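Work through the following exercises with the model at hand, and check each solution step against the coordinates.

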Amino acid sequence: MYSFSGTNIDPAVKTISIATFQNTSSNGPSFLAQRFTEDFKDYFQRNTSLKLVPRDGDLQFEGAITAYDFAPAAIQNQNGIDQAGVNRLTIQVRVKFINTNDPKQDFEQTFQSNGDFPATQDITQINNDPTATRRITQNIITDAFNKSVANW
């Protein structure tokens, strides 16, 4: 085994395939699934020397965005009225990982991350800001990367 930027990938593993993650949550912007999938691919290409192939890679990922929930958090009482101090966006993604060379590494797990936004920002503004959801999804991608190839 060799280590490349903190990874622990068997030298026999040369390719990776990442299926498009579907958005099965009832919410979220229309571009969310496509952009999450592209960011997922980019992260693995930047941090490993694996060749991305359309299907049947030595390492295989698939999954779905299962939750996209926007709710008040940090409730504050102002003049006798309860108001959200911040709004929290929580995203959950189910990730299925298959290592064709070492099936003991296979897993299916839900990863979750969230971000807090000012109470003055509504979900439409957040959905229209490409960097807002990306901060949250990047944490999920990093967690999936660490679990699959960094062996942390």
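Helices (H or I, at least four residues) and strands (E, at least two) are DSSP runs, numbered from the N terminus. This is a predicted model, in which local features need pLDDT of at least 70 and side-chain atom pairs count only at pLDDT 80 or more, whereas totals for chains, interfaces and linings use all residues. Residues are numbered from 1 along each chain as its sequence is written, and side-chain values use heavy atoms, with hydrogens and water left out.

**Exercise 1.** Determine how many helices and strands the protein has, and in which order they run.

*Solution.* Counting the elements gives three helices and six strands. Reading from the N terminus, the order is β-β-α-β-β-β-β-α-α.

**Exercise 2.** Describe the extent of the protein and the share of its residues that are buried.

*Solution.* The C-alpha trace spans about 65 × 30 × 25 Å along its principal axes. With buried meaning under 20% relative accessible area (1.4 Å probe, protein chains only), buried residues account for 41% of the 152 residues.

**Exercise 3.** Characterise the surroundings of T15: where is T15 placed, is T15 buried or exposed, and what does T15 contact?

*Solution.* First, T15 belongs to strand β1, which covers residues 15-18. Next, T15 counts as buried because its relative accessible area is 17%. Then, taking contact as heavy atoms within 4.5 Å and leaving aside neighbours within four places in sequence, T15 touches L50, K51, V53, G57, D58 and L59. Finally, for D58, the backbone nitrogen lies 2.8 Å from a polar atom of the T15 side chain.

Notes
Buried < 20%, exposed > 50% of the residue type's maximum accessible area, 1.4 Å probe, protein only. Polar contact = N/O pair within 3.5 Å; in protein donor to acceptor, adjacent residues only side chain to side chain.
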